[in-house]
Amino acid sequence: MRKAYAPYSHFPVGVAGLVDDGRVVVGCNVENAAYGVGLCAECGLVSHLHATGGGRLVAVSCVGVDGEPLMPCGRCRQLLWENGGPSCLLLTPEGVLPMSDVLPQAFGPDNLEIAHTHPG
């Protein structure tokens, strides 16, 4: 969070994730003057995950400047789902929850496989 680039919102966010091979990957938000193209901290986390060898996220914690847990936005919930799956644990303002509770009925790679096996 201390390495975030947040000159517009002044809302730095940091995130850390535990990978299934024991690595810890991190990310921070990176803003842009064109607000819609800024990157959430979770985007950096997933980039770090893949840049350092891939794997699956096991647990994730995202915090703001006060150190309190933040709930990821919708786009980032999808990123965490695709890179950790339903059992990945997320520290939320309501406590630790599996991604299956954070993003119920998620759309993911399995949905794409179904589409390929049932051509229209």
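Trainee: Which residues does Leu 49 touch, not counting residues up to four places away in sequence?

Mentor: Remember that this is a predicted model. Leu 49 lies in helix 1. Beyond its neighbours up to four places away in sequence, Leu 49 touches Val 19, Arg 23, Val 25, Gly 54, Gly 55, Leu 57 and Asn 83.

Trainee: Is Leu 49 buried or exposed?

Mentor: Look at the relative accessibility. Buried means under 20%. Leu 49 has 0%, so Leu 49 is buried.

Trainee: What distance separates the C-alpha atoms of Leu 49 and Arg 23?

Mentor: Arg 23 is among the residues that Leu 49 touches. Along the chain, the two are 26 residues apart. Their C-alpha atoms are separated by 8.9 Å.

Trainee: Which residue forms a salt bridge with Arg 23?

Mentor: The structure holds 1 salt bridge. Its closest N and O atoms are 2.9 Å apart.

Trainee: Is helix 1 roughly parallel or roughly antiparallel to helix 2?

Mentor: Helix 1 covers residues 41-51 and helix 2 covers residues 74-84. Their axes come within 9 Å and cross at roughly 25°. Angles under 35 degrees count as roughly parallel. Therefore helix 1 and helix 2 are roughly parallel.

Trainee: How many residues of the contact of helix 1 with helix 2 are nonpolar?

Mentor: Helix 1 contributes Glu 42, Cys 43, Leu 45, Val 46, Leu 49 and His 50. Helix 2 brings Arg 75, Cys 76, Leu 79, Leu 80 and Asn 83. Of the contact residues, 2 are polar, 2 are charged, and the nonpolar ones number 7.

Methods: Residues numbered from 1 in each chain as written. Predicted model: local features only at pLDDT ≥ 70, side-chain atom pairs only at ≥ 80, totals over all residues. Heavy atoms only, no water. Salt bridge = Lys/Arg side-chain N within 4 Å of Asp/Glu carboxyl O. Axes fitted to C-alpha atoms, helices over the stretch in contact; angles between N-to-C directions. Helix = DSSP H or I, 4+ residues; strand = E, 2+ residues; numbered from the N terminus. Parallel < 35°, antiparallel > 145°, perpendicular 65-115°, else oblique. Contact = heavy atoms within 4.5 Å. Nonpolar A, V, L, I, M, F, W, Y, C, P; charged D, E, K, R; others polar. Buried < 20%, exposed > 50% of the residue type's maximum accessible area, 1.4 Å probe, protein only.
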